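Please walk through this structure with me, from one chain to the other. Plain words will do.

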Amino acid sequence: MATIKIDGREIPFEQGDTIIKAAHRAGIDIPHYCWHPGLSVAANCRMCLVEVAPPPGRPALQLDILRWDPEKKDYVPARKPKLVPACQQACAPGMEVLSEGSDHVEEARGAVQELLLLNHPVDCPICDQAGECRLQDYWLEHQGTGKRMQQEVVHKPKAVVFGPTIVYDAERCIVCTRCVRFTAEIAKDPILSVRERGNLNEIVVSPDRELDHDYTLMTEHVCPVGALTSKDFRFKARVWFLRSARTICQGCATGCNAYLDYDPRTNTPHRHRPRDNEEVNKYWMCDEGMLSYKRAVEGRLGAALVGGEDASLEDALAAAKDQLAGIKDDPARVAVVLSAQHSNEDNYALLTLAKTFIGAKDLYVSGRPLGRGDEILMSEDKNPNTLGVMQLANAPAPKPIAALFDAIKAGKYSFVIALGAEIEVEAKDAESALSKLKGVVTIAAHDGPLARAAHVALPATAWAEQDGTYVNRQGLAQKSERALKARGDARPGWELVSKLGKELGYAMTFKTLAEVRRAMTPEAPAPSRDADRAAKPEVSA
Amino acid sequence: MPKRTPSNPWTKPAGKPIEGKAIPRPRRTAEVQAYLPEFLRGMAITMRHFFKNTKEMMLGQKPDPVLEALNEGVTTICYPEEKRPYPERFRGLHRLTLRDDGSPRCVACLCCSTACPAQCIHIEAGEYAEGDKRRGYERYPKTFVIDELRCIFCGFCVEACPCDAIRMDTGIHATPYDSREQFIYRKDLLMEFTGRDGSRTSANPRHEPGDPTHPGLSREQMDH
Ligand code: SF4
Ligand code: SF4
Ligand code: SF4
Ligand code: SF4
Ligand code: FES
């Protein structure tokens, strides 16, 4: 493969790569604001200037400049090489690039940084970007000096409401146009544009429109500074107190890779933001997914329910045993409901209980009803693990839950053991159908129709509180990490299934997640988290 | 070879009698036995000081105990009527400074609670209410709590504050309360305190965006 040299280091590039892209892939960071690996090149911030050596045998392109000579106390003529923006310059075989290694580049970066901060309010204490702001980072790395401009800065509108989710601060904006390009290129809704010129320019929304498509929060995320803030996260937390877990978004079957940022001191999730994955979501997430982190704490089932009343886990398990008495007499009268909302591990545990121990014949799958999808990321299927359930329980394929209620009406079953709280059908129908049965036990993270209709409901952890594997619509099995501590009495779904199995007198032995995973894929060695991490360098633009 | 633990010279080595120099007891002379002469000698010193101090006090010759603390003569003070001045930078209890309009200067950036090694500051940020001129672009502390009993008076919070919103220039000692609850200082109390000069504001005024004194800002487009 053809290579270029950056500061003496050979790095390979692909046809059509720009310098910054090749460097980014190799893990070399060339400072940048306006470039984003997923967006077109604008080359307007000039932070990525590098020095490119002339081709062999050709003179370097030099510019005549005046440089201050402190001894002569006057400007003297001097020459300096013409620098090029690395985000726009295409790679050519054998090209030599000086980035960190060039004094001219260092000087240029300091100067660009000073220019960007000339009119910047630097209200970092109020700014939500503080702690993860490029301006702060690069100032420290490349400038580190005060600004020389003495005049009052240009003031522009602050706190302009762009839409239901986004607030814009023109003073902080460095007009990198990332947000403009994002709405036009990725969200396919070009409603942002730049107004005015020079230091008066600002971002505006098209007249009579609001920034209200499905990807508004992404504009906030691509903004390298604190100019765009999301109303949801504004002023809620300071980023340096947050920890990030590598999760899989639960919003739909796309399974976008995400970080769940949470405050470990209060056990509260604060935001979801995309994690780069070329194959699944590239760099993006939709609003629905980014806000879905709230479901980790909202509407939760905090304690076990027996007949609608709070109970301890032990009592609930004992009650479940009573309810399910007689289950062994006729396995054909037992229906087991898997959940497309739960991880593979939870479903596998229930499947083991159903097939290996109880000998149940009929499997159903519950989940959230279909919703809106689009061409960009969102799937119509709003469940993160539909494919996972289908793969686990391949023969016979689980039937949709509507069929369960019909079968119950026909008097086919006496017992239901179910995972998950969400069903696609009318809650009333479900409740009236389930109330006819002898025993209904659900294991659910949320308070939903299935949990309410059950005689016994066991509180499961939500996805943010447990490690789990989810198979997205492409068939990729992806791991989601635990972020929060379990709320209330909640335990992981597979553990509850295992406890329930034991209570019923079966030899269910799952004690740790690793055991469940080993049982699922006996031949594969248990993948360690560190190996996972090493395989994918974490890059973010 | 495993390292021997060095023996502790102050403990008796096992199985050995204690070695050492025998120190003779002081001789119990009649003078010491009869303690009265020693008592009188001590009393004499006390009385000498008593009369000297009384004389100096009467004649107004008492040196200023605050400024001439190292001089001869009376060096005690009648606290709390007399107080030694604290140095300029003495760290007393905290206070929150106010803007001219009475709002807290604090913008709930949490820099102080981040810097606090005792982790005794708890802040919740909030947005100003609908209609407030700072609504939308500025935050303020909804709650601001300092646990003064945990505080180690290091002053890091004051150093960390980018807005000069928290200060320890009240000149007040931690007061001896009798319950922990009383040491939990909340926002209202912290905003009540004044600096030693009696002012609630800070000596570093600043043109806040939104103030009429702030140059060049129009808020026409800023409905929120
Ligand atoms: S964008 Fe925000 S955090 Fe970054 S320098 Fe500006 S005010 Fe500070
Ligand atoms: S709002 Fe942010 S992303 Fe948009 S142009 Fe300004 S700095 Fe760039
Ligand atoms: S003085 Fe030190 S210990 Fe006390 S609140 Fe401030 S930072 Fe914390
Ligand atoms: S007192 Fe100062 S440092 Fe503390 S939150 Fe308020 S502004 Fe920030
Ligand atoms: S990143 Fe190259 S000019 Fe902005």
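The paragraphs below take up chain B, its cysteines, and then some parts of chain A.

This is a predicted model, in which local features need pLDDT of at least 70 and side-chain atom pairs count only at pLDDT 80 or more, while totals for chains, interfaces and linings use all residues. Residues are numbered from 1 along each chain as its sequence is written, chains are lettered from A and ligands numbered from 1 in the order in which they are written, and side-chain values use heavy atoms, with hydrogens and water left out.

Chain B has 5 helices and 5 strands. Here helices (H or I, at least four residues) and strands (E, at least two) are DSSP runs, numbered from the N terminus. Read from the N terminus, the order of elements in chain B is α-α-β-α-β-β-α-β-β-α. Of the 224 residues in chain B, 32% are buried. Buried means under 20% relative accessible area, exposed means over 50%, and partly exposed lies in between, with a 1.4 Å probe and protein chains only. In chain B, of the contacts between residues at least 6 apart in sequence, 64% join residues at least 24 apart. Contact means heavy atoms within 4.5 Å.

For both, UniProt positions are given in the numbering used here, feature names are shortened, and annotations may be inferred rather than shown by experiment. Which residues form one of these groups? An unreviewed UniProt entry gives "binding site" for Cys106(B), Cys109(B), Cys112(B) and Cys161(B). These residues are spread over 56 residues of sequence, yet they cluster in space, with a largest C-alpha distance of 10.3 Å.

Cys109(B) sits in the loop between strand 1 (95-96) and helix 3 of chain B. Cys109(B) counts as buried because its relative accessibility is 6%. Leaving out residues up to four places away in sequence, Cys109(B) touches Pro125(A), Arg238(A), Trp240(A), Arg139(B) and Pro162(B). Cys112(B) is in helix 3 of chain B. With a relative accessible area of 7%, Cys112(B) is buried too. Beyond its neighbours within four places in sequence, Cys112(B) is in contact with Ile121(B), Ile123(B), Phe144(B), Cys157(B) and Ala160(B).

The other "binding site" listing in UniProt, also from an unreviewed entry, names Cys116(B), Cys151(B), Cys154(B) and Cys157(B). Over 42 residues of sequence they are spread, but in space they cluster, the largest C-alpha distance being 10.3 Å. Cys116(B) belongs to the loop between helix 3 (111-115) and strand 2 (121-127) of chain B. Is Cys116(B) buried or exposed? At 10% relative accessibility, Cys116(B) counts as buried. Cys154(B) is placed in the loop between strand 3 (139-147) and helix 4 (156-160) of chain B. Not counting residues up to four places away in sequence, Cys154(B) touches Arg91(B) and Pro117(B).

Two packed helices are described by the angle between their axes and the distance between the axes. Helix 2 (residues 103-116) and helix 3 (residues 134-143) of chain A pack at about 140 degrees, and their axes are 9 Å apart. That angle makes helix 2 of chain A oblique to helix 3 of chain A. The axes are lines fitted to C-alpha atoms, for helices over the stretch in contact, and angles run from 0 to 180 degrees between N-to-C directions. Angles under 35 degrees count as roughly parallel, over 145 as roughly antiparallel, 65 to 115 as roughly perpendicular, and the rest as oblique. On the side of helix 2 of chain A, the contact is made by Glu106(A), Arg109(A), Gly110(A), Gln113(A), Glu114(A) and Leu116(A), and on the side of helix 3 of chain A by Leu135(A), Tyr138(A), Trp139(A), His142(A) and Gln143(A).

Elsewhere in chain A, Thr216(A) lies in helix 5 (residues 216-222). Its relative accessible area is 1%, so Thr216(A) is buried. Apart from residues up to four places away in sequence, Thr216(A) touches Thr165(A), Ile166(A), Leu211(A) and Asp287(A).
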